[in-house]
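Colleague: I am new to this structure and would like to learn how to read it. Please take the features one at a time.

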Amino acid sequence: MSRAGAGGTDDPGLARARTSLAWTRTALSFAAIGGVILKRELAAGFVVLALSCLVWLVGRLAVAPGLVRAHPGRLLVITIAVTGVALVALMLALLGPQTAGLRLRP
């Protein structure tokens with residue numbers, strides 16, 4: 001399925017639209033997790049909420065309209081941002097407040 005007439009570029013299978021939706025879904029997931037963390041730990045919750053904004057902005061870079069090929073500079077920014085988000089999440093998980101963990105009741 002080719003959508004060559006809908007924007008001047010060939011986008012088989014609406015790949016850009018699916019990519020955009022995936023980045024938006026990921027940012028919303030981060031925001032939801034940030035909201036849950038915010039109830040328990042204020043600082044960590046705000047950090048995760050800020051990271052959700054960063055994820056959304058990086059997603060806008062990934063699906064910039066009018067690009068036929070990805071530019072190496074954009075890919076580098078996306079790679080650095082995703083790695084940074086992962087490192088911050090790891091730091092929050094390892095250095096954050098200790099919890100009792102998940103308890104299953106019989």
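Modeller: Start with the elements: helices (H or I, at least four residues) and strands (E, at least two) are DSSP runs, numbered from the N terminus. Ser-20, for instance, is found in helix H1. This is a predicted model, in which local features need pLDDT of at least 70, side-chain atom pairs count only at pLDDT 80 or more, and totals for chains, interfaces and linings use all residues. Residues are numbered from 1 along each chain as its sequence is written, and side-chain values use heavy atoms, with hydrogens and water left out.

Colleague: How many helices and strands does the chain have?

Modeller: The chain has three helices and zero strands. Read from the N terminus, the order is α-α-α.

Colleague: What does pLDDT say about the chain?

Modeller: pLDDT is the predictor's confidence in each residue, from 0 to 100. The chain has a mean pLDDT of 78, with 75% of its residues at 70 or more. Over residues 1-5, pLDDT stays under 50.

Colleague: How do helix H1 and helix H2 pack?

Modeller: Axes are lines fitted to C-alpha atoms, for helices over the stretch in contact, and angles run from 0 to 180 degrees between N-to-C directions. Angles under 35 degrees count as roughly parallel, over 145 as roughly antiparallel, 65 to 115 as roughly perpendicular and the rest as oblique. Here helix H1 (residues 15-40) and helix H2 (residues 42-62) meet at about 175 degrees, and their axes are 7 Å apart. H1 and H2 are therefore roughly antiparallel to each other. Residues in the contact of H1 with H2 comprise 17 nonpolar, eight polar and two charged. In that tally, Ala, Val, Leu, Ile, Met, Phe, Trp, Tyr, Cys and Pro count as nonpolar, Asp, Glu, Lys and Arg as charged, and the others, Gly among them, as polar.

Colleague: Is Ser-20 buried or exposed?

Modeller: Buried means under 20% relative accessible area, exposed over 50%, and partly exposed in between (1.4 Å probe, protein chains only). Ser-20 has 19% relative accessibility, so Ser-20 counts as buried. Across the 106 residues of the chain, 19% are buried.

Colleague: Which residues does Ser-20 contact?

Modeller: Contact means heavy atoms within 4.5 Å. Setting aside neighbours within four places in sequence, Ser-20 is in contact with Arg-60 and Val-63. For the chain, among contacts between residues at least 6 apart in sequence, 48% join residues at least 24 apart.

Colleague: Where does Ser-52 lie, and what does Ser-52 touch?

Modeller: Ser-52 is in helix H2. With a relative accessible area of 7%, Ser-52 is buried. Not counting residues up to four places away in sequence, Ser-52 touches Ala-27, Phe-30 and Ala-31.

Colleague: What of Leu-49?

Modeller: Leu-49 also belongs to helix H2, but at 24% relative accessibility Leu-49 counts as partly exposed. Beyond residues up to four places away in sequence, Leu-49 touches Ala-31, Gly-34, Gly-35 and Leu-38. The C-alpha atoms of Leu-49 and Ser-29, 20 residues apart along the chain, are separated by 10.0 Å.

Colleague: And where is Gly-35?

Modeller: Gly-35 lies in helix H1 and is partly exposed, at a relative accessible area of 31%. Between the C-alpha atoms of Gly-35 and Phe-46, eleven residues apart along the chain, the separation is 8.3 Å.
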